[in-house]
Amino acid sequence: TDYVRALAIDTGGRIYGAGPYDPITGSQRRFRAGIFRLLPDGSPDPDFHVDGRAHPYLGTSNEEIPTTAVLLPSGRLLVACSTVSGFGVIRMQLDGNLDPTFGEGDGIALIGTDVNLVSAKAMHVGASGDILVAGMAANDIVLGHLSSIGEVVSEWGTDGVVTKDLAGRVFDSEWLGLGQD
């Protein structure tokens, strides 16, 4: 990754990190998700995808930036990404491969919004396994809701999304967080 935006540590002391990764050098920057796992001694975990690293592509744009991660009790990793058109959530298996039981069978769930340049800031997994992603877009707070298997909960808000216009009020989006159930 170019830099780390999210960290998680499992009970075995392995460290997961996620951040933007630029696969192209030169003037045309294109960010993808960069996800890694380190062993407790800090070395790349050879049992995680390829050499301890994975670079899943959400297929949404040139700006797919991981911003927050949650390690599930099952050992799977959820990573929320900011995209141009909403949120992307990636679920990875213990071996670093995308989880085929999540999203459209590709380990990726997309939550489209009616606002552009959504920046994911927080993610919460409820007791039922439902996933709530919170973020910002301009002066709006944006929330997206997924089921535990990565389907948009369309009956929640408008097609799984709630947007609250802050009407020009100053809001420090770096402090946006979600409480417990």
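Analyst: The discussion below goes from the whole chain to single residues. The model is predicted, so local features need pLDDT of at least 70, side-chain atom pairs count only at pLDDT 80 or more, and totals for chains, interfaces and linings use all residues. Residues are numbered from 1 along each chain as its sequence is written, and side-chain values use heavy atoms, with hydrogens and water left out.

User: How many helices and strands does the secondary structure of the chain hold?

Analyst: Helices (H or I, at least four residues) and strands (E, at least two) are DSSP runs, numbered from the N terminus. In this chain there are zero helices and twelve strands.

User: How do strands join into a sheet, and what is the order of the open sheet of four strands?

Analyst: Strands of a sheet pair through backbone hydrogen bonds, either parallel or antiparallel. Two strands count as paired if DSSP finds at least two bridges between them. Here the open sheet has the order 1-2-3-4, with antiparallel pairing. Strand 1 (6–9) and strand 4 stand at the edges with a single partner strand each, so one side of each has no neighbour in the sheet. Two bridges join strand 3 to strand 4 in the antiparallel sense, and Phe36 stands opposite Arg53 in strand 4.

User: What share of the 181 residues counts as buried?

Analyst: Buried means under 20% relative accessible area, exposed over 50%, and partly exposed in between (1.4 Å probe, protein chains only). Of the 181 residues, 47% count as buried.

User: Which residues have the most contacts inside the largest nonpolar core?

Analyst: A nonpolar core is a set of buried Ala, Val, Leu, Ile, Met, Phe, Trp, Tyr and Cys residues joined through side-chain atoms within 4.5 Å. The largest one has 18 residues, and Leu78, Met123 and Val133 have the most contacts inside it. Strands that each supply at least two of its residues include strand 6 (77–82) and strand 9 (119–125). The largest share, three residues, comes from strand 10. Another core, of 16 residues, lies apart from it and has Ala6, Tyr16, Phe48 and Leu58 among its members.

User: How many aromatic pairs does a search of the whole structure find?

Analyst: Rings of Phe, Tyr and Trp (its six-membered ring) pair if their centres lie within 6.5 Å; planes under 30 degrees apart count as stacked, over 60 as edge-to-face and the rest as tilted. The search finds one pair. The ring centres of Tyr16 and Phe48 are 6.1 Å apart and the planes stand at 85 degrees, so the pair is edge-to-face. Tyr16 lies in strand 2 (residues 15–21) and Phe48 in the loop between strand 3 (32–38) and strand 4 (53–54), 32 residues apart. Both Tyr16 and Phe48 are buried.

User: Where is Thr67 placed, and what does Thr67 contact?

Analyst: Contact means heavy atoms within 4.5 Å. Thr67 belongs to strand 5 (residues 65–71) and counts as buried because its relative accessibility is 9%. Leaving aside neighbours within four places in sequence, Thr67 is in contact with residues including Arg5, Ala6 and Ala120. A polar atom of the Thr67 side chain lies 2.8 Å from the backbone oxygen of Ala120.

User: Where is Trp156 found?

Analyst: Trp156 is in the loop between strand 11 and strand 12 (161–165). With a relative accessible area of 25%, Trp156 is partly exposed. Not counting residues up to four places away in sequence, Trp156 touches Leu132, Leu143, Gly144, His145, Val161 and Val162. The C-alpha atoms of Trp156 and Gly144 are separated by 8.8 Å, and the two residues are twelve residues apart along the chain.

Note on methods. Polar contact = N/O pair within 3.5 Å; in protein donor to acceptor, adjacent residues only side chain to side chain.
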